Amino acid sequence: MPPRPPLSIFTKMKRQAVLQNRNVLGWLQASPLAVVLLGFLVAPIVMIVIVSFWGATEYSIYPAFQFDNYEFLFGSSVTYTVFFNTFKYALITWAMTLVLGFTVAYFLAFEVRSLKWQIGLFLVCTIPFWTSNIIRMISWIPFLGRNGLANSTLISWGVIDEPLEWLLFSDFSVILAFVHLYTLFMVVPIFNSMMRIDRSLLEAARDCGASGFQTLRNVIIPLCKPGIMIGTIFVTTLVMGDFITVRFMSGSQRANVGRLISNDISLLQYPSASATAVVLLCTVLIVIALLLRLVDIRKEL
Amino acid sequence: MSIVSDLELVSLTKRYGQTVAVDAISHHFRAGTYACLLGPSGCGKSSTLRMIAGHESVSDGSVVLAGRDVSHLPPAKRGTAMMFQNYALFPHLTVRDNVAFSLRMAGVDKPERHKRADEMLELVEMTQYAARKPDQLSGGQQQRVALARALITRPQVLLLDEPLSALDPFLRIRMRAELKRLQRELGISFIHVTHGQDEALALADDIIVMNNARIEQAGPAREVFSAPRTAFVARFMGGHNVLSLPQGQIALRSDAMSIAPAQGGRLDGKVSNIEYQGTHVALTAQVAGDQEITALLSDEAFFAAPTELGQVIGLNWSDQAAHPLSE
């Protein structure tokens with residue numbers, strides 16, 4: 001075999017060109033997603049921010065750069081009540097979906113031994129998602145109503161004499177619907193985290209004398225943190241941005257920020273709705289930023 | 001450092017449904033020895049170890065440690081500690097917290113458990129890595145941490161499940177010297193599961209060869225190697241020819257064979273392969289009955305009178321080198 005000739009300058013130049021080409025190629029590959037994000041995420045948000053500074057009268061809106069909408073928003077006590085309500089819903093829903101979701105995920109991951117059953121039961125969990133959110137919500141109404149299934153059953157059992165008023169069109173029914181709708185968003189990431197826990201870690205914990213509860217507390221929960229965090233972000237953002245559940249399940253008797261925005265929109269008060277949306281967006285972003293400071297999920301993705 | 005005591009298995013059995021993984025094995029592990037459970041995969045050696053550790057329930061028979069039946073005690077109450085195959089270090093805890101884990105579970109307060117964890121880390125020369133997480137350590141370092149974590153409970157018996165299999169060959173040899181040193185220093189029993197006979201020979205005082213859920217042969221390493229009782233042991237330990245002769249099967253150490261001119265030995269064979277191995281030459285010959293015999297000759301002896309492929313030679317051995325086998 002003849003010896004290989006040394007690299008000529010020409011070859012070197014060609015290699016450099018390829019390198020540059022690769023850069024170009026990278027940009028090209030990233031551009032479709034960038035275009036989509038730009039068109040469907042960045043542009044609408046920019047639009048909302050711009051409109052939030054516009055002015056409005058009862059019958060028209062006009063371009064301007066004024067802080068009237070924000071002044072009105074921060075000056076009104078309704079805003080604070082509604083934000084408080086939104087946080088309340090988010091917090092309670094989060095706590096309940098976490099407990100439920102963790103329990104379900106734990107059962108699926110550690111109690112169910114065969115993969116076939118794990119997958120089967122997991123699919124069972126997703127059955128509610130075969131219908132739309134709204135239908136799942138509305139189906140609670142005949143169940144919880146004054147003369148609904150829950151009340152009549154309780155009365156026939158003699159548990160109560162009068163129908164319970166707080167079952168429907170109350171904070172209770174709103175939170176119930178939220179928990180129903182969003183628990184799976186907690187189950188999935190936590191289940192995923194749990195399936196990645198090496199089973200020998202649990203044996204090692206047992207070998208070190210840890211009781212079942214100590215293993216849960218010192219090994220499983222810390223290792224599920226990323227899953228819990230992802231689930232938390234799902235649930236809080238979904239609940240904080242929701243308006244339809246609150247409207248249906250409270251019979252329009254309760255409000256959260258989403259409903260504030262939707263009311264403004266139905267009155268064609270777009271600038272005011274935009275301002276509220278911007279404040280809500282910032283609030284949610286701050287919440288997520290705080291959550292991400294607690295747990296670094298990037299490492300886990 | 002702790003009271004050394006004997007471990008005894010009394011017709012220990014493990015059944016999974018219909019299959020028997022460990023079939024009524026009995027063995028006495030002398031206190032303070034290094035024992036290796038050796039066998040091919042699926043022979044029941046791991047199940048045996050896990051039953052001793054308490055991670056697998058005992059179907060029948062018992063595990064007796066220091067005169068106490070521990071068969072139904074939880075792992076941490078037995079006086080054993082286990083080192084897992086992949087080390088099973090807690091990824092979210094630092095090295096120090098990993099080592100101190102069992103103390104924390106037992107409710108030992110922080111300064112005390114850190115002090116004892118640091119002592120253990122010193123024993124395995126890992127003090128400088130105390131604040132690191134397991135994923136920042138190399139395989140060998142992780143293994144030291146796993147050792148320290150197992151030893152902090154002051155077990156009477158340390159159980160090691162294929163501890164060296166995850167390491168590269170170079171590190172494996174270094175770590176096995178380390179294991180041996182630790183065992184000597186601590187004076188406790190080590191029971192080490194492996195499928196590598198060289199590893200077992202290098203480490204063990206006693207070797208227990210298992211096959212098909214039973215113990216094939218148990219005894220001091222040298223005895224098991226040089227006087228195999230069954231054809232399986234002879235083949236598995238290596239370095240032997242198993243030869244069927246009219247008077248029965250025998251095992252012949254291949255390094256105890258010598259060659260002679262045709263008709264000059266006990267058997268005639270046709271050379272079918274010659275392999276140069278540096279210090280030795282492995283010569284394979286085809287003998288009557290379609291059997292192969294390997295003779296390991298020193299390179300000096302071979303090259304003094306080289307043979308060629310296809311040549312017919314005589315094979316010789318002394319009577320001491322032959323061991324009758326029971327099937």
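Domain bounds, as used in this report, come from an automatic or database domain assignment. The structure described here is a predicted model.

**Domains of chain B**

The assignment divides chain B into the domains listed below.

| Domain of chain B | Residues |
|---|---|
| Domain 1 | 1-79 + 155-238 |
| Domain 2 | 92-153 |
| Domain 3 | 241-324 |

Taken over C-alpha atoms, the centres of domain 2 of chain B and domain 3 of chain B are separated by 53 Å.

**Contact between the chains**

Chain B touches chain A through 15 residues, which are in contact with 14 residues of chain A. On the side of chain B that touches chain A, the elements giving two or more residues are β6 (80-83) and α3 (101-105) of chain B. Of these, α3(B) gives the most, with three residues. By class, this side of chain B has eleven nonpolar, four polar and no charged residues.

**A helix pair within chain A**

Two packed helices are described by the angle between their axes and the distance between the axes. In chain A, helix α3 (residues 77-111) packs against helix α10 (residues 212-241) at an angle of about 145°, and their axes are 9 Å apart. The crossing of α3(A) past α10(A) is right-handed. On α3(A), the residues that meet α10(A) include A:Thr86, A:Tyr89, A:Trp94 and A:Gly101. Among their counterparts in α10(A) are A:Ile228, A:Gly231, A:Val235 and A:Met240. The contact of α3(A) with α10(A) comprises eight nonpolar, seven polar and no charged residues.

Conventions: Residues are numbered from 1 along each chain as its sequence is written. Chains are lettered from A and ligands numbered from 1 in the order in which they are written. This is a predicted model: local features need pLDDT of at least 70, side-chain atom pairs count only at pLDDT 80 or more; totals for chains, interfaces and linings use all residues. Axes are lines fitted to C-alpha atoms, for helices over the stretch in contact, and angles run from 0 to 180 degrees between N-to-C directions. Helices (H or I, at least four residues) and strands (E, at least two) are DSSP runs, numbered from the N terminus. A crossing is left-handed if the near helix is turned anticlockwise from the far one by less than a right angle, and right-handed if clockwise. Two residues are in contact if their C-beta atoms, placed from the backbone, lie within 7 Å. Ala, Val, Leu, Ile, Met, Phe, Trp, Tyr, Cys and Pro count as nonpolar, Asp, Glu, Lys and Arg as charged, and the others, Gly among them, as polar.
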